[in-house]
Amino acid sequence: MRITMIGTGYVGLVSGACFSDFGHEVICVDKDASKIEALERNVMPIFEPGLDALVDTNVRAGRLSFTTDLVQGVKGADAVFIAVGTPSRRGDGHADLSYVFAAVREVAEALDGPAVIITKSTVPVGTGDEVERIVAEVAPNKGITVASNPEFLREGAAIDDFKRPDRVVCGTDDEGARAVLSGIYRPLSLNQSAPVMFTGRRTAELIKYAANAFLATKITFINEIADLCEVVGADVQEVSRGIGLDNRIGRKFLHAGPGYGGSCFPKDTLALLKTADDHESPLRIVAATIAANDTRKRAMGRKVIKAVGGDVRGKTIGVLGLTFKPNTDDMRDSPAIAVIQTLQDAGARIRAFDPEGHEQAKKVLTDVDFMAGAYDVADGADALVLVTEWDAFRALNLKRIAGMLKSPILVDLRNIYPPQDVIDAGLQYTGVGKPA
Ligand code: UGA
């Protein structure tokens, strides 16, 4: 198959590289010349484990290339994936579809023969109909069809998620589009048991939002249970295990923490809510999830203040981990931002370390001293707070840290340390959803 990927963001770049690794011929198109030029030198615009090697292999094999020239890029394509951003629209929280529609217009104009335009970007239900309308207006007689193929990969585990998905969802009623999508995903359905599910286009679009909203709700549910655990003297990790062993519930996404962040859950839950409101079909559970998660992040800052004795004015708080989750440099909606700002508002000085996030963190945080490592953060600080569970923080020498801190206080917002180990090392322990 000859595939064109419009947009070299997270989804576009990873999907394009993985498709080429399956043996398809892939051209990735992006308007950002500096990004394309960097990619041609095998410099990745994002931090994603394994991506540079995957890109390098496939570029060398002649299956993957990059261009800023959309017209050239779509020539002879069987499928053109739209993988441009759909950020929250300023003011109302709806998904901003202007990039999607602009890309579709250009692609439809440039295509020189029949092809399927496939939206991989997360787009509200009904977007495919609008895309179809644009195609009908711009290129009525080219034999272009429109399908939906939402992406479920996670940052930090993107390649593995793409190559070993739980399922692939394709939305189309068109036989030709179905044949193209089947061909593209044949390597997955042949080699392993990833079900490739075909459904209607609107259904496929909604599946993506429903999946993200459900996962966000699952996290928020366990976070609220964690709060209750603290009050009643129960252990949220045991509760997670105890409920998660029920296959109907499942163990994944039941890790209590400082609240979900990232480029997807916050924006997608909000957009889904807007769609539901527009259709006067309220999603009360999703609304409650958004509200609970929003307040949680600052509440975690207050939790730190309480652990330090109620007053952080003039104190130095060390923060380990800044990105919204490990194995990414992404700071978008990271809980660390709200935690740090809450501490700063209360008069604390912040020093922090993140294995990959400093560059992005500097764009959203002010007055933070960025340190070279975890022990540098601890040295002379009044307390240490673990916000993001990077592997590099999982086996710290707690005794050494206890000796370095001015007051031996550890707040573990990801529950990666057994409380007794922390206490045995001579530190005062605070976790999430742990009995006092
Ligand atoms: C999420 C979905 O998991 C992907 O399936 C989806 O494709 C993606 O959004 C998207 O729509 O593009 P991602 O945002 O990369 O992926 O990261 P997740 O691993 O889902 O984590 C999201 C947030 O939830 C993080 O802040 C993480 O720390 C938090 N989380 C996750 C918890 O607090 N507890 C958990 O048990 C799991």
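This is a predicted model: local features need pLDDT of at least 70, side-chain atom pairs count only at pLDDT 80 or more; totals for chains, interfaces and linings use all residues.
Biologist: What makes helix 9 oblique to helix 10?

Modeller: Helix 9 (residues 201-232) and helix 10 (residues 236-244) pack at an angle of about 130°, with their axes 9 Å apart. Angles of 65 to 115 degrees count as roughly perpendicular and those over 145 as roughly antiparallel, while the rest between them is oblique. The angle of about 130° therefore makes helix 9 oblique to helix 10.

Biologist: Which residues of helix 9 and helix 10 meet, and of what classes are they?

Modeller: From helix 9 come Ile222, Ile225, Ala226 and Cys229, and from helix 10 come Val236, Val239 and Ser240. The residues of this contact comprise six nonpolar, one polar and no charged.

Biologist: Which residues make the contact of helix 9 and helix 12?

Modeller: Helix 9 contributes Ala213, Ala216, Thr217, Thr220, Asn223 and Glu224, and helix 12 contributes Ile285, Val286, Thr289, Ala292, Asn293 and Arg296. By class, the contact has five nonpolar, five polar and two charged residues.

Biologist: Is the crossing of helix 9 with helix 10 left-handed or right-handed, and what is the crossing with helix 12?

Modeller: Helix 9 passes helix 10 in a right-handed crossing, and helix 12 in a left-handed crossing.

Biologist: How do you know that the ligand lies between domain 1 and domain 2?

Modeller: Domain 1 (2-199) and domain 2 (209-288) both give residues to the shell around the ligand, so the ligand lies between them.

Biologist: Which of the 21 residues around the ligand come nearest?

Modeller: They are Glu155, His255, Tyr260, Gly262 and Cys264. Two or more residues of the shell come from each of helix 9 and helix 11 (265-278). Helix 9 gives the most, with three residues. The shell as a whole has ten nonpolar, six polar and five charged residues.

Biologist: How many residues of domain 1 and domain 3 are in contact?

Modeller: Five residues of domain 1 are in contact with seven of domain 3. On the side of domain 1 that touches domain 3 there are three nonpolar, one polar and one charged residues. The centres of the two domains, taken over C-alpha atoms, are separated by 38 Å.

Definitions and conventions
Residues are numbered from 1 along each chain as its sequence is written. Axes are lines fitted to C-alpha atoms, for helices over the stretch in contact, and angles run from 0 to 180 degrees between N-to-C directions. Helices (H or I, at least four residues) and strands (E, at least two) are DSSP runs, numbered from the N terminus. Angles under 35 degrees count as roughly parallel, over 145 as roughly antiparallel, 65 to 115 as roughly perpendicular and the rest as oblique. A crossing is left-handed if the near helix is turned anticlockwise from the far one by less than a right angle, and right-handed if clockwise. Two residues are in contact if their C-beta atoms, placed from the backbone, lie within 7 Å. Ala, Val, Leu, Ile, Met, Phe, Trp, Tyr, Cys and Pro count as nonpolar, Asp, Glu, Lys and Arg as charged, and the others, Gly among them, as polar. A residue is near a molecule or strand if its C-beta atom, placed from the backbone, lies within 6 Å of it. Domain bounds come from an automatic or database domain assignment.
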